[in-house]
Amino acid sequence: MPKVTIDGKSIEVPEGTTILNAARMIGGDIVPPAMCYYSKLKTSGGYCRTCLVKVSKGSEKDPRPMPKLVPSCRQTVMDGMEVENITSPEVVEARAGITEFLLINHPLDCPICDQAGECHLQDLGYEHGKMKTRYEFKRREFEKIDIGDKIKLHMTRCILCYRCVKVADQLCSCRNHGVINRGDVAEISTYIENVVDKDMSGNMIDVCPVGALTDKTFRFKSRVWFTKPVDAHRTCDKCSGKVRLWYKGEEVLRVTARKDKYGEVEDWICNSCRFDHKKTSDWVLETPSHVDHHSVISANHYETEKALENLRSDIEKHQKHLKESKFALGQGVMNPNNQ
Amino acid sequence: MSKQILINDLDKAGIDTLAGYKAHGGYTAIEKALKMKPEEIVEEVKKSGIRGRGGAGFPMGMKWSFIAKPPGVPRYLVCNADESEPGTFKDRYLMEKKPHILIEGMIISSFALGANTSYVYIRGEMMYVFHILEKAIQEAYDAGYLGKNILGSGYDLDLHVHCGAGAYICGEETGLIESLEGKRGNPRIKPPFPAVVGLYGCPTVVNNVESLANVAWIVNNSGDEYAKIGIGKSTGTKLISASGHINKPGVYEIELGVPVEEFIYSDDYCGGIRNGKKLKAVVAGGSSVPILPAELILKTAKGEPRLMSYESLSEGGFQTGTMLGSGGFIVMDEDTSIVKNLWNFTRFYHHESCGQCSPCREGTGWMEKILHKFLEGRATMADIDLLWDIQGKIEGKTICPLGEAAAWPVAAAIRHFRSEFEEYVKKGKYMTDVKHYYRINKLQEA
């Protein structure tokens, strides 16, 4: 089995494992962020470039370093490969650059976005973004589109990760949406007003790393951090029926698939489970959900101690970051009206 | 005049027809090639040292030898005729005037690679060339050079012309393959390379028109003879599309190694700068290669005369050198505004970015908008550094070379002509025709 060293930590992984997956096996801070890669979707990854890493030693056979930064989600490991992620200033700078590129046309409407709190771009921005934008031009604008009666498309927030296109390709019976146009006016669209209502299409909402595709049955009902996640299941002939219910009080506000600590779903769920079964009596409740990743959601009502500790350390980290970056909050870009 | 092997007989009547081409020595190489073993042809091409004429300059024989040969899997040869680099117009000229030289080259190359179906992917805007090729291919079918059992050798080949929809990105080989398969022309992530997984998942070689057109000559005269033309590792001749402020713009075939100074000022080639003006800068290989100021294009940093060859042009790296690229030789006289020229290039790359990966999708548009600010006289000194920073964050971070192609011209212009950017900031020049461009194209101004 090839042995790979990432930021000084070694691991033996099966042949054909990508650098990103090897890093996930090691775990911790050295896992590169991934905005477009999704382990459960074939051929995903390689587009967003946030997971770029430096290969400082190609392999035992050919120790030459790779000339360019490589996307860790697509590059498979070789025996003896040495990878630098957070230990390489070049990688960190490149990642900051990519984050900036992803944000220059993003509306930064987190205060009214349903994805806020579980948005990967938000996390990426906090971790690698700058406090002040250097982009002074008008941001890209699109009309909001209803694709079907269950999903809303906010193209302004989209980062073109192609995940939803791959969901339609690989899970649904046919795909009637895709990317049209090119360059920075490329957009996810059904081309001629069409409806995305194939069974399993609801999974697009779950795979969307940003708030571009949102659940219309949940829109504006609540901030996610005010809801309580509970794992539940039911017998479903279309999917595994294993879901996560998000409660506010007695009411189930939304149903999603269960996600792991990298924000990837564990089992796909069908549209019927997601949109049509929103009563506690529809479900067999299992346990309060365990939210693994650093997020405001992990400060839920059950795991206060550990979650609060994490949150506290996060806040301290950002306060330190703020002080170092010289910009006070008030004049920065945290407020989109300042743009 | 130096040696010419591609466009030496364009003045002959009927050279664009099969009969005329044959009368002047065409289609002799096929008979010779079909008697050779495919490996021998690959060996000849390797010996010739010919480098890909599409821009990257990768040795063609080496590319051919990389092709995977799993049993029972078809192999494909695709000719890249999606010539869209601003400043390059050599393939179009060659295909228009002498379509059979490409067809002959493709038949031999397909035989050498073991391909039974080959494609010419031609850019959508060149519809008239598409018709010329279609006609020429029909002639070749009628004469028995294409189809089943070519010249009784037992080798079958079908040649198709496929018309793209006019996208620069489809000139990138994997983008081209995707487009040929009928999908959106997004470049693929490499590896795997097309030599292993290419068209329809099969091993594929993608070659430029000019590269393939040379194959017939190499087979007829041997690779060693070809290697004698040119200089050092830059063997053979090269079609140069000369444009800009020169007296005689057009397509020239040069033997690699001609001094740049001779190429610009000799009456055999460009014939000097128009209206007796002074030379300011040259983009030596199509819009994506770094621009060089007059003193660096005529002489290298070491003071040696610069030659039209792969090595000489790239001497000094990007600090003081450039690339031969696809041979789009754009000459600019002293009145040219580098900033405006750069804006035009950047606008092109912004428009042609496929939008797949974030640095190129967002960065190219951002650079265009900043350069537009310069032309409007609203830029500040900090914008020069910002531009420099953005290009650095695009270069080398993208899936395909379009990112580099967009970043290099910006980097080179700032590196060599920073003072001109500063002048724009200080004087606040305003270009009305820029506004006009946006208006007629119904675009939103930045």
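Contact here means heavy atoms within 4.5 Å. The model is predicted: local features need pLDDT of at least 70, side-chain atom pairs count only at pLDDT 80 or more, and totals for chains, interfaces and linings use all residues. Residues are numbered from 1 along each chain as its sequence is written, chains are lettered from A in the order in which they are written, and side-chain values use heavy atoms, with hydrogens and water left out.

**View 1. Arg51(B) and its contacts.** Arg51(B) lies in the loop between α3 and α4 of chain B; helices (H or I, at least four residues) and strands (E, at least two) are DSSP runs, numbered from the N terminus. Beyond its neighbours within four places in sequence, Arg51(B) is in contact with Gly57(B), Phe58(B), Pro59(B), Met60(B), Lys233(B), Ser234(B), Tyr310(B) and Glu311(B). Its relative accessibility is 19%, so Arg51(B) counts as buried. Buried means under 20% relative accessible area, exposed over 50%, and partly exposed in between (1.4 Å probe, protein chains only).

**View 2. Pro59(B) in the loop between α3 and α4.** This loop of chain B runs between α3 (38-48) and α4 (60-65). Pro59(B) counts as partly exposed, at 30% relative accessibility. Leaving aside neighbours within four places in sequence, Pro59(B) is in contact with Ile50(B) and Arg51(B). The C-alpha atoms of Pro59(B) and Ser48(B) are separated by 9.6 Å, and the two residues are 11 apart along the chain.

**View 3. The ring pair of Tyr76(B) and Tyr200(B).** Over all chains, the structure holds 22 aromatic pairs. The ring centres of Tyr76(B) and Tyr200(B) are 5.9 Å apart and the planes stand at 70°, so this pair is edge-to-face. Rings of Phe, Tyr and Trp (its six-membered ring) pair if their centres lie within 6.5 Å; planes under 30 degrees apart count as stacked, over 60 as edge-to-face and the rest as tilted. Tyr76(B) belongs to strand β1 (residues 76-81) and Tyr200(B) to the loop between α8 (173-180) and β4 (204-208), so the pair ties together parts of chain B that are 124 residues apart in sequence. Tyr76(B) is buried, with a relative accessible area of 11%, whereas Tyr200(B) counts as partly exposed at 42% relative accessibility.

**View 4. The ring pair of Phe263(B) and Phe329(B).** Phe263(B) and Phe329(B) form an edge-to-face pair, 5.0 Å centre to centre with 85° between the planes. Phe263(B) sits in helix α12 (residues 260-265) and Phe329(B) in strand β11 (residues 328-333) of chain B, so this pair ties together parts 66 residues apart in sequence. Both Phe263(B) and Phe329(B) are buried.

View 5. Most residues other than glycine have a negative phi, and most peptide bonds are trans. The peptide bond from Lys190(B) to Pro191(B) is cis, with omega near -5°. Another cis peptide bond joins Pro191(B) and Pro192(B), where omega is about 0°.

**View 6. Arg49(A) in chain A.** Arg49(A) lies in the loop between α1 (19-26) and β3 (52-57) of chain A. Phi of Arg49(A) is near 70°, a positive value in a residue other than glycine. With 5% relative accessibility, Arg49(A) counts as buried.
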